[in-house]
Each structure stands twice: as structure tokens, then as C-alpha cells.
Amino acid sequence: MTALYADAAVMAHIAAPMSEEAAGAYFERLLRHTRRPPVTARAHFWALSHARTGEALGIVSLVRDAEGSRSGEIGVMLLPQAQASGLAIHALAALIEALVQDRWGFGLNRLWGRHAPDNRGAARVACHLGLLPTGALRDGQTERVLAHWVWAAHASSQTSTHSTENPEHA
């Protein structure tokens with residue numbers, strides 16, 4: 001998955017692409033996080049791969065806010081061949097559902113995400129999942145929030161995997 005952090009297209013709305021060496025070192029840090037017990041680790045990463053071929057497609061993540069907080073940031077990064085495929089919506093919806101059901105015992109009651117203001121694809125994904133803009137910028141990115149108790153009602157109202165809503169009006 002180091003390719004994610006070194007790919008200019010993937011990093012276009014996130015940060016400058018990393019060198020292969022820097023991406024490898026960063027990925028090793030991510031792997032160390034995944035080896036910690038789930039309830040004590042602050043960051044969690046799950047690899048996304050094609051069901052039939054096993055081809056790597058990206059990652060989905062949860063980074064809990066400061067220790068003791070009941071809030072966490074969710075995110076997804078996809079390789080170019082997996083973008084605009086609906087995978088981001090499906091992967092994040094599965095993560096949100098597991099977190100709302102408290103599958104891992106994190107006890108979160110606030111989930112949030114962020115994206116570059118000009119990243120229309122990420123805005124559509126966030127809008128489809130019911131993450132609402134807070135009006136705040138976090139590190140120059142649009143912050144969106146989904147309250148724990150809102151998810152069940154939102155999830156049951158979704159009948160398709162594609163939203164026709166305009167993300168600029170979300």
C-alpha cells in the first residue's frame with residue numbers, strides 16, 4: 001500500500017506525494033499501529049482488496065481523537081483504478097456500521113471526516129453517507145460530522161449506492 005502515498009493522483013487532495021522511501025517508512029508506522037490491541041491503539045487501518053483477484057485497492061481508516069475521547073476521524077484512500085467505483089461508499093459505510101454497533105468496543109459517539117474543499121468526489125461520498133459539513137476547516141480541509149445516533153436512520157433511508165445530491169448543498 002506504499003503506492004498510495006507515492007501516487008500523485010491519490011495524493012492530489014491530501015498532501016505532496018512521498019518518495020518511495022518515505023512512503024515505506026510511513027507504511028511501517030501504520031503497520032505498527034495495527035499490531036496494537038484494538039482498544040488501546042489510537043489508529044486503525046484496514047486494507048481494501050478486490051474480492052476475486054486480491055488486487056490491492058486502498059485503505060480505510062479510523063483515527064480516534066485524543067486519548068479518552070469518544071470521537072474519531074474516518075477516512076479512505078483508493079488507488080486510481082478503484083476511484084469513482086463506489087468502493088469508497090461501501091467501505092466507509094461498512095466501517096461506520098461496525099463503529100456504530102461498537103463491534104470493537106471503542107465507545108465512539110461522534111464520527112467525523114474531512115476532505116479538500118475542491119475534492120468533489122470526496123464531497124459526494126461524504127454527502128451520500130450523511131456526513132454533514134460543520135462549517136469549520138480542519139487543516140484547511142472541509143470538516144464533516146456524523147453523530148452516532150443519526151447513522152441508523154440515515155442508513156435505512158439509503159436505497160442505492162449512488163447519490164444524486166449535489167455535494168455543494170450538503
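Is Tyr-5 buried or exposed? Select Tyr-5 to begin the tour: its relative accessible area is 5%, so it counts as buried, because buried means under 20%. Keep in mind as you click around that this is a predicted model.

**Stop 1**

Now colour the helices: Tyr-5 belongs to helix H1 (residues 2–6), while Tyr-26 belongs to helix H3 (residues 20–34). The two residues are 21 apart, and their pair links distant parts of the chain.

Ala-3 is partly exposed at 40% relative accessibility. Draw a line from its C-alpha atom to that of Gly-24, and you span 8.8 Å between residues that are 21 apart along the chain.

**Stop 2: an aromatic cluster**

How many aromatic pairs does a search of the whole structure find? There are 3. For your next selection, take Trp-46, Trp-104 and Phe-106, which ring pairs link into a cluster. Zoom in on Trp-104 and Phe-106: their pair is tilted, with 6.0 Å from centre to centre and 35 degrees between the planes. Trp-104 is partly exposed at 28% relative accessibility, whereas Phe-106 is buried at 9%.

**Stop 3: charges over rings**

Then move to Trp-112 and show Arg-138 with it. The charged end of Arg-138 sits over the ring of Trp-112, 3.7 Å from its centre.

**Stop 4: the nonpolar cores**

Finally, which residues have the most contacts inside the largest nonpolar core? Select Ile-74, Ile-96, Leu-99 and Leu-129 to see them; the whole core has 23 residues. Strand S2 (56–64), strand S3 (71–78), helix H4 (87–100) and helix H5 (120–129) each give two or more residues to this core. Highlight H4 in particular, as the largest share, 8 residues, comes from there.

Note on methods. Residues numbered from 1 in each chain as written. Predicted model: local features only at pLDDT ≥ 70, side-chain atom pairs only at ≥ 80, totals over all residues. Heavy atoms only, no water. Core = buried A, V, L, I, M, F, W, Y, C linked by side-chain atoms within 4.5 Å. Buried < 20%, exposed > 50% of the residue type's maximum accessible area, 1.4 Å probe, protein only. Helix = DSSP H or I, 4+ residues; strand = E, 2+ residues; numbered from the N terminus. Phe/Tyr/Trp six-rings, centres within 6.5 Å; stacked < 30°, edge-to-face > 60°. Lys NZ or Arg CZ within 6 Å of the ring centre and 35° of its normal.
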